[in-house]
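Here is a set of exercises to work through with the model open beside you. Try each task before you read its solution.

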Amino acid sequence: MIISRLSRLARWHRTLALIVVLPLLAWSLTGLLHPLMTRWQPSAAAMVPPPEIVNAPSGTSWQALPAPASVLPKGLVMTELRPLTWQGEAYWMAGGADGTRQYFRALDGQLSDIEPVLMTALARHFTGILTGEPELQLITSFSAEYPFINRYLPVWRVQFNGHDTVAFIEPRGLRLSALSDPWKTWFSATFSRLHSWSFWTHEPSRDIAMATVLNLGLAVVITGIYRLFRRKAVASAVQSGVLRAGNSVRVSKPRRWHRRLGWFVALGAIASMSSGMFHVLAINKSQPSFNAKPERVAFSAGQLRTLPPVLGVMGERSLAVASANGPLWMSYAVDRSHGAKGKHSGHDKEHAEHQHHAATPNLAISLQLAENSQPVAIERYVQELAAGVLAKHPGANIESQQAITGFTAEYGFVQKRLPVYQLQLDTPDHIAIYIDPIDAVVSSVVTDLARVEGYSFAYIHKAMWLDGLGKDARDGILGLQALGVFVMACLGLLLARRRRLG
């Protein structure tokens with residue numbers, strides 16, 4: 001009876017394994033190579049823009065400049081105004097509602113086309129490349145070379161002749177959005193095709209297909225483990241004389257290693273496939289369910305009759321933003337000198353979402369009306385940006401509102417944007433809205449389902465609970481797990497071929 005059941009189970013195990021073996025090989029191979037990609041991709045020479053560009057010209061301050069209303073064209077309409085310094089002179093960067101930017105000298109309002117040379121200088125700063133003529137291209141949509149994971153648009157693609165490294169510079173914040181090269185582009189595209197099945201463009205059917213394969217893969221692992229446990233019953237049957245030893249106990253070397261690897265990778269395979277299936281079914285990956293860029297009321301240069309407030313904090317930056325009550329001056333700085341102990345996650349090149357104990361920086365921020373310097377509460381401005389999401393939940397109240405200056409398991413590195421404000425609602429699914437007040441963007445909306453999925457993907461699929469051992473150790477363990485699945489699947493194919501050949 002035992003032998004009959006095991007024989008039927010073996011047939012199911014082999015049949016299901018042959019159905020899912022190719023996707024499992026692709027998933028395990030890309031999972032094995034992913035840590036290598038994060039180490040071989042180009043590294044930035046600097047992560048923050050040079051102070052001589054983001055700070056006021058040497059020996060002066062933004063508050064010493066003429067008010068924008070007195071120098072900028074009277075008919076100029078914008079949604080934001082940011083100061084910067086180029087070659088020792090102060091400029092205003094005026095952002096229009098259509099996403100375009102214009103640059104005006106701050107002292108006399110002269111229009112200047114400095115963006116190409118400014119982006120080139122930033123690219124050299126971030127990459128450390130000092131030679132080669134630059135090639136610039138404005139990127140307004142995501143692609144295989146610059147995927148959605150980078151979040152920021154538009155960006156400038158800058159590459160220097162004679163160098164493979166490509167820098168993507170986000171012009172509004174003067175920040176480095178991404179670095180790439182041919183190897184990273186190829187691997188990212190390959191990973192997307194083999195691991196995420198991006199070649200299958202219809203998301204609902206793709207999710208169903210992936211979930212089906214993952215379910216069958218789980219069945220293969222579970223039936224395999226059951227067979228391994230039941231081998232003890234077979235051994236007992238041999239000892240009692242029910243089964244002759246030569247009938248089924250002889251095990252070939254490939255089969256022996258197939259079984260040994262099965263013991264080694266079973267738990268990890270179940271964890272990765274179940275969390276992967278949850279990720280596929282729980283998350284809409286095509287586009288967010290909220291409007292990331294709220295409607296903003298444009299303002300004119302004539303309304304900017306004052307200058308930004310002073311915080312007196314190292315690294316402070318300023319800009320004028322649009323609001324329903326007219327333009328606001330915002331001055332802000334992430335103050336790392338008075339961090340309170342708290343939990344926030346570190347991050348690495350592969351978008352880690354784990355938590356660790358560290359000093360969380362404080363966000364110093366001040367807002368005032370640009371027409372008369374009247375103070376404005378940051379909470380009021382943030383709620384205005386969140387109005388579109390709040391409108392979908394009438395009757396919901398804001399339980400808490402706080403600045404977030406470090407990534408967490410709920411708001412991970414994949415979101416890119418910091419600092420942000422978290423608005424926690426009292427809805428049944430405990431909605432949390434994350435607002436980037438500087439770029440006036442809804443960065444993320446998290447529900448209970450998304451929250452659980454995020455923890456599942458971070459701690460089960462990517463094994464962030466191993467971070468206490470260090471990133472190299474964690475990647476090594478995950479790499480061995482993926483390698484074990486790959487070799488075990490290859491041995492399974494070898495055994496199937498031998499069986500077919502007799």
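**Exercise 1. Decide whether V389 is buried or exposed, and find its helix.**

Solution. Begin with the cover: V389 has 7% relative accessibility and therefore counts as buried (buried is under 20% relative accessible area, exposed is over 50%, and partly exposed lies in between, with a 1.4 Å probe and protein chains only). Next, the helix: V389 belongs to α10, residues 387–390 (helices are DSSP runs of H or I with at least four residues, strands are runs of E with at least two, and both are numbered from the N terminus).

Before going on, a word on the model. It is predicted, and local features need pLDDT of at least 70, side-chain atom pairs count only at pLDDT 80 or more, and totals for chains, interfaces and linings use all residues. Residues are numbered from 1 along each chain as its sequence is written, and side-chain values use heavy atoms, with hydrogens and water left out.

**Exercise 2. Describe the protein as a whole: its helices and strands, its buried share and its contacts.**

Solution. Start with the elements: the protein has twelve helices and 18 strands. Then take burial: 48% of the 502 residues count as buried. For contacts (heavy atoms within 4.5 Å), consider those with a separation of 6 or more: 61% of them join residues 24 or more positions apart. Finish with the surface: the accessible area is about 24,800 Å², and carbon and sulfur atoms hold 59% of it (Shrake-Rupley method, 1.4 Å probe; for residues, only the protein chains shown count as cover).

**Exercise 3. Find the residues that make the nonpolar surface patch.**

Solution. The patch consists of F264, L480, L483 and V487 and covers about 350 Å². Helix α12, residues 471–501, gives the largest share, three residues. Check one of the members: L483 sits in α12 and is partly exposed, because its relative accessibility is 37%.

**Exercise 4. Work out how the rings of W197 and W200 are arranged.**

Solution. There are 16 aromatic pairs in the structure. In one of them, W197 and W200 are stacked, with 6.2 Å from centre to centre and 5 degrees between the planes. The cut-offs are these: rings of Phe, Tyr and Trp (its six-membered ring) pair if their centres lie within 6.5 Å, and planes under 30 degrees apart are stacked, over 60 edge-to-face, the rest tilted. W197 is buried at 9% relative accessible area, whereas W200 is partly exposed at 31%. Elsewhere, ring pairs join W40, W183, W186, F187 and F191 in a cluster.

**Exercise 5. Look for backbone exceptions: which residue does a cis peptide bond join to L418, and what is the phi of A440?**

Solution. First recall the background: most residues other than glycine have a negative phi, and most peptide bonds are trans. The cis bond joins L418 to P419, with omega about -5 degrees, and P419 is in the loop between β15 (398–404) and β16 (420–425). The bond from L153 to P154 is also cis, with omega near -10 degrees. As for A440, its phi is positive, near 55 degrees; A440 is in the loop between β17 (432–436) and β18 (441–446) and is buried, at 3% relative accessible area.

**Exercise 6. Trace the salt bridge of D436 to its partner and to a network.**

Solution. The structure holds 20 salt bridges (a side-chain nitrogen of Lys or Arg within 4 Å of a carboxyl oxygen of Asp or Glu). D436 pairs with R417, and their closest N and O atoms are 3.0 Å apart. This pair links distant parts of the chain, 19 residues apart: D436 is in strand β17 and R417 in the loop between β15 and β16. Both residues are buried. Now widen the view: E80, R82, E170, R172, R175, R417, D436 and D439 form a network of salt bridges.

Key. Patch = residues over 30% accessible without salt bridge, like charges linked within 9 Å, V, L, I, M, F, W, Y side chains within 5 Å.
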